[in-house]
Amino acid sequence: MLYISLVSGHDHGYIDLADAAAWPTNIAERVMTGELFVLRRCMQRLDLFDDLRAASLDGIRQVLGPEVSARVDAEGLDQIHRFASLEQIAKITDAVYRTTATQAARWVSKIVPDLLGVTEPYYFERRPNVRFVIPYDLMMQEADALAGVIKKHGHGKVTPHPPHRDSWVDCPTNLINIWIAVGPIPEGNGITIFPDAFGRTLASTPSGGLARDEHPGTPLNFDLAAGDVILFHGNHLHSSVLNRTESTRHVVSFRVVTEKPRYAGKHYHHYVHSSLAGGPLDLVAEWPANFAWGWVETRLIWIAERLGLTRRPGGRTNGAGRRPPSAPLPPVAVSRLSPGTIQPVSDDVCAARLADAKVVAFGRRCPHEGADLSFGHVRDGEVVCPWHDVRFDARSGKSACQMLQPLRLFDVQVEDDVVRVRTD
Ligand SMILES: [Fe+2]
């Protein structure tokens, strides 16, 4: 199988285009309309996979030496957490940022025409994004070790990212995300995309996450082999899966804009022009993208903040603050509670019906980051959080992640078809 195409607005199933001769044309235009592509073994096909992998191993060598790098090479990049502490993984992330940045112009000059079919000049983010997201339980044991790398490179690189659009974290509104699995990324790790939300108006928090009372729609998760690529518009709502596997997610992603980058928020990301980057005029490669009032305005705001003339925006909230209580919800009728769906019983409690018709009730806020579980679903006896794909056993409340609080469960009685929950 060489590639798979996913079409937004259809049934969110995979449309298997296994015929190598049918490599789609105009992929860039199709991505800009919201279409998603999962391209199997794409980097091998572009003859870039070995280079990409070598840059990652080189970063590991810089931090841990050639012996460890050779062992990771043999065991797989997804097993890096067996050879490095979190502090070392933070340093490796930094090192791989450096090794990939030096080659980004060359790689992108192959990816954009050969994969996206774009032959005109384009813009791309100067440094690719590098992610090493280790299993969640391990990450939480030394979470403080990651503070520095989060501050430098932002969330989503070594920690999970809440549902967001890239433009909410000040990236261009018109970018194509080229998300590359450098190591294998099984389901239970990786990225979630919410195709239903594409083009919808959604509220976000000041920190750039989805507002808690917004329904993200049906999630789409992926099972990827090393070298697979997901192509998606940066305005697709997407988030990180809380890593419940034994595998580290190692991803390098590029952001490309086929026209001048447009910004809805601040303009501080570094986009270079393809005809200048990596050449003798590399020093001025950012100028074409920065020739805009938004760039000047962002710098003026930055100066004003440092001079204390304006207040800086607050920190991350992820929408987890308490909401004011809403009006009482209508009673949940068991006959209208179809298996697999979740309905809110109150501001704090949800109910769901399992496949065997048993009705269960549980806390409405996910113990991880407070997502509204009434927007989630039940699958195989597990309550699935809509934000990070966290799964809780509907009968015990437990998840695969030992470092997470279990889901709070409540006793349920059914009277006259109505779900009644004891919350005392
Ligand atoms: Fe993103």
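Where does Asp416 lie? Asp416 sits in the loop between strand 18 (409-415) and strand 19 (418-422); strands here are DSSP runs of E with at least two residues, helices are runs of H or I with at least four, and both are numbered from the N terminus. The model is a predicted one, with local features needing pLDDT of at least 70 and side-chain atom pairs counting only at pLDDT 80 or more, while totals for chains, interfaces and linings use all residues. Residues are numbered from 1 along each chain as its sequence is written, and side-chain values use heavy atoms, leaving out hydrogens and water.

Most residues other than glycine have a negative phi. Asp416 is also exposed, at 75% relative accessibility (exposed means over 50% relative accessible area, buried under 20% and partly exposed in between, with a 1.4 Å probe and protein chains only).

Asp47 likewise has a positive phi, near 65°, and is not a glycine. This residue is found in the loop between helix 2 (42-45) and helix 3 (49-64), and with 64% relative accessibility Asp47 counts as exposed.

Then there is the metal site. The iron ion is held by His164 through NE2, Asp166 through OD and His238 through NE2, at 2.1 to 2.2 Å. Donors are N, O and S atoms within 2.8 Å of the metal (3.2 Å for Na, K and Ca), and because water is not among the atoms, sites may look incomplete. Along the chain, the iron donors are spaced as H-x1-D-x71-H. Asp166 is buried at 1% relative accessible area, and His164 is buried at 5%.
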